[in-house]
Amino acid sequence: MMKICIIGASGKLGAYMVQHALDQGYEVVGVCREKSVNKLDLYKNRITIIPGATNDREVIKKAVAGCDGVLTVLVPWGNQHYSSGTAQAVLDYAPQGARLIFSCGWHITRDGKDVYPPSIKREDKLIRWLTRIIPFADIDDQVEACQRIFASKTKWTVVRGSDLEEGESQGLPVWSRHVGDPILASNKTRRVDFALFMVDALKNDSLIHEAPAIVGCCSASALSHSAV
């Protein structure tokens, strides 16, 4: 049985990943903040829960020990290098050869060839302006985290999600290497399917050292591209 660690397991995306992983027969270790442990009550007898900050190196070291894969939700909260601290701990302590899957948004670019629509550019500017006034997030730290991942020799994948919506699963999202590809134009993915893509990536070696930008498989742009 494959053993995996899900870092950020109590969040909406994390909880969906826990369910998908259990459905696929994985042994699951979940990491979440102490105050959020109760959010995993549905799974408490089916997974191992390790409470603590996800950028706490000792917490991550304990959680990833013996794991074949690590799924990490990179969140840009606060101004204490949360994303980069989490990513670096995973890179440092995950067992050699483990599959490392990280989540972020379309705003992350690997090679600078992404072409962003005006709506995303406006959103990025607004968030950066707001966080200068109230430091509730640090987008630049999330960028730094991904740059460290891209430079790593581990077996990583960085999954870049579009805008998310709730709803029942539509199936595995489609992806492209660059934002701006017409297949991604709808900019919508079901959150449950973002989680499905993350879990599926564990066994998809073609995604090693890729940063796929995803969109829902039933979105208009994906269906249009498929028809063509």
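**Overall make-up.** I worked throughout from a predicted model. I looked up the secondary structure and found seven helices and 10 strands in the chain. I then checked burial, and of the 228 residues 48% count as buried. For the accessible surface I noted about 11,000 Å², with 53% of that area belonging to carbon and sulfur atoms. Turning to contacts between residues at least 6 apart in sequence, I found that 76% of them join residues at least 24 apart.

**Helix α1.** I took residues 12-23 next, a helix of 12 residues that reaches 17 Å from its first C-alpha to its last, which is close to the 16 Å expected at 1.5 Å a residue. I listed its buried residues as L13, G14, M17, V18, H20, A21 and L22. I kept in mind that an α-helix has 3.6 residues a turn, so residues three or four places apart point the same way. When I asked what covers the buried residues of α1, the elements I found included the strands β1 (3-7), β2 (27-32), β4 (69-73) and β5 (99-105), together with the helix α6 (191-200). After α1 comes G25, for which I recorded a positive phi, near 85°.

**Aromatic pair.** Finally, I looked for a charge at the ring of F150 and found the charged end of R110 sitting over it, 5.9 Å from the ring centre.

Notes:
Residues numbered from 1 in each chain as written. Predicted model: local features only at pLDDT ≥ 70, side-chain atom pairs only at ≥ 80, totals over all residues. Heavy atoms only, no water. Lys NZ or Arg CZ within 6 Å of the ring centre and 35° of its normal. Helix = DSSP H or I, 4+ residues; strand = E, 2+ residues; numbered from the N terminus. Buried < 20%, exposed > 50% of the residue type's maximum accessible area, 1.4 Å probe, protein only. Contact = heavy atoms within 4.5 Å. Areas by Shrake-Rupley, 256 points an atom, 1.4 Å probe, with all protein chains shown as cover. Expected span 1.5 Å × (residues − 1).
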